[in-house]
Amino acid sequence: MPATVPTVAPATAAGLPPKPAWNPWPYALIAVFAVFISFVAAAVILAGRQRVDLVRPDYYDQEIRYQQQIDRLARTAVPGVDVDVAFVPATRELRLVLPSRHAAGFGGGTVSLYRPSDARQDREVAFAPASDGSQSIPLPGLEPGLWKVRVAWKAGGAEYFHEQSLSLPAKR
């Protein structure tokens, strides 16, 4: 029977075992973590730069006083009490008309033009109707799009409130 010769791994010049092949896994893991950290950092930076406008600067104080607002809305919900709000495209004016019984006992008020998409464009105008209860408010410089018209007024010792959405068309 022939003698078997044991096989031995080839030796390198220094007598050490051969170097294993290149392993990409450590580099791939490092790259994945680096990309993940970069995305998280970018998301944090973008979120930090995003403007977040509350409905109004005194939003929290307004929430506490909301029962008064509920009472105003309930008084305005009675038929024949609501203010008429209309946009006149030809003159680009907002036309407001109070009910006749409120025009006689009018005690002051305000008209707020609220822009939901940009608080910097909000406007507030004094509501001072003529003896017939009407007032026209010119709207130069207001951007086209969605606006909320909020009218608050006093008449006969009681407070009233009306809110209406208004879509301003682009200027021609």
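**Close-ups of rings and strands**

**View 1. Tyrosine 27 is out in the open.** With a relative accessible area of 53%, tyrosine 27 counts as exposed. Keep in mind that this is a predicted model. Tryptophan 22 is exposed as well, at 64% relative accessibility.

View 2. Searching the whole structure gives 3 aromatic pairs. In one of them, tryptophan 22 stacks with tyrosine 27, with 5.8 Å from centre to centre and 20 degrees between the planes.

**View 3. Phenylalanine 106 and phenylalanine 127 meet edge-to-face.** Here the ring centres are 5.4 Å apart and the planes make an angle of 85 degrees. Phenylalanine 106 belongs to strand S3 (residues 106-114), while phenylalanine 127 is in the loop between strand S4 (123-126) and strand S5 (134-138), so this pair links parts 21 residues apart in sequence. Buried or exposed? For phenylalanine 127 it's buried, with a relative accessible area of 2%. Phenylalanine 106 is partly exposed, at 24%.

**View 4. Strand S3 pairs with S6 and with S4.** S3 and strand S6 (residues 145-155) run antiparallel and are joined by 7 bridges. Look for threonine 110, which stands opposite alanine 152 of S6. S3 also runs antiparallel to S4, with 4 bridges between them. There, leucine 113 has arginine 123 in S4 as its bridge partner.

**View 5. A charge sits over a ring.** Arginine 150 places its charged end over the ring of tyrosine 114, 4.4 Å from the ring's centre.

Key: Residues are numbered from 1 along each chain as its sequence is written. This is a predicted model: local features need pLDDT of at least 70, side-chain atom pairs count only at pLDDT 80 or more; totals for chains, interfaces and linings use all residues. Side-chain values use heavy atoms; hydrogens and water are left out. Rings of Phe, Tyr and Trp (its six-membered ring) pair if their centres lie within 6.5 Å; planes under 30 degrees apart count as stacked, over 60 as edge-to-face and the rest as tilted. Buried means under 20% relative accessible area, exposed over 50%, partly exposed in between (1.4 Å probe, protein chains only). Helices (H or I, at least four residues) and strands (E, at least two) are DSSP runs, numbered from the N terminus. A charge sits over a ring if NZ of Lys or CZ of Arg is within 6 Å of the ring centre and within 35 degrees of the ring normal. Two strands pair if DSSP finds at least two bridges between them.
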